[in-house]
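Open the model in your viewer and keep the selection tool at hand. The stops below say what to select next and what is there.

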Amino acid sequence: MTKVFIAGSRHVSRLTTDVKRRIDTMIDKGFTILVGDANGVDKAVQRYLANKRYSHVVVYCMAENCRNNVANWPTREVAAPPGARGFAYYATKDQVMVDEAAYGLMLWDGKSKGTFNSVINMFRQDKPVVVYLTPTEAFQNVKSTEDVIGLLGQCTRETVDRFERDLKLDHVLRRQSAT
């Protein structure tokens, strides 16, 4: 069964009609939806799927700390590396979802480092990912280095600098543009 990783910014708590349509298509196709347990997009997606009474859902959370599981779906608990905290702690769970999914749908506010990290990790694995940019309410496919650069163009210079430093984007963009 096809698995889709849906994630997004914690500061986004409502799904637009267009996003719901995309999720409805996944439901119609019987895809397994992989979703995290954070507030924001994760919880909004969980609520929507629960209202649809959709059962092909797996909630990913950190070991012994599942924050949200609206419909008591099966969980996949992920152990953090020793000493991991903050971003590195939760990025471990997100990486497992990237590894297990065939596709990604990311709802991004142009600021969330965690969501952008998942986009980059899907891109690194040559997995299709669609980003819904919440400020412009537009979808963007990410398949090329130019697409990643286009996403970064939606950000402030300060945010781009933070992503380049924290996510080591130079390596990603150099490697992908060489192919």
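Select strand β6, residues 129–133. Both of its faces are covered: V129, V131 and L133 lie on one side, V130 and Y132 on the other, and all are buried (under 20% relative accessible area with a 1.4 Å probe, protein chains only; exposed is over 50%, partly exposed in between). In a regular strand the side chains alternate between the two faces of the sheet. Strands here are DSSP runs of E with at least two residues, helices are runs of H or I with at least four, and both are numbered from the N terminus.

This is a predicted model, in which local features need pLDDT of at least 70 and side-chain atom pairs count only at pLDDT 80 or more, while totals for chains, interfaces and linings use all residues. Residues are numbered from 1 along each chain as its sequence is written, and side-chain values use heavy atoms, with hydrogens and water left out.

Two strands count as paired if DSSP finds at least two bridges between them. Find G104, which stands opposite V129 in β6.

L133 has A138 in β7 as its bridge partner. In the hairpin of β6 and β7, 4 residues lie between the strands, and E137 in the turn has a positive phi of about 55 degrees.

Which strands stand at the edges of the sheet? Show the whole open sheet of 7 strands: the order is β4-β3-β2-β1-β5-β6-β7, with mixed pairing. β4 (75–78) and β7 are at the edges with a single partner strand each, so one side of each has no neighbour in the sheet.

Select strands β1 (residues 3–8) and β2 (residues 32–36), a parallel pair joined by 4 bridges. F5 stands opposite L34 in β2. Then colour helix α1, residues 17–28, which packs on the sheet and touches β1, β2, β5, β6 and β7 (contact means heavy atoms within 4.5 Å).

Last, select helices α3 (residues 86–100) and α4 (residues 113–124), whose axes come within 10 Å and cross at roughly 35 degrees. Axes are lines fitted to C-alpha atoms, for helices over the stretch in contact, and angles run from 0 to 180 degrees between N-to-C directions. Among the contact residues are F87 and A91 of α3 and N117 and M122 of α4. The contact residues divide into 4 nonpolar, 5 polar and 2 charged (nonpolar: Ala, Val, Leu, Ile, Met, Phe, Trp, Tyr, Cys and Pro; charged: Asp, Glu, Lys and Arg; polar: the others, Gly among them).
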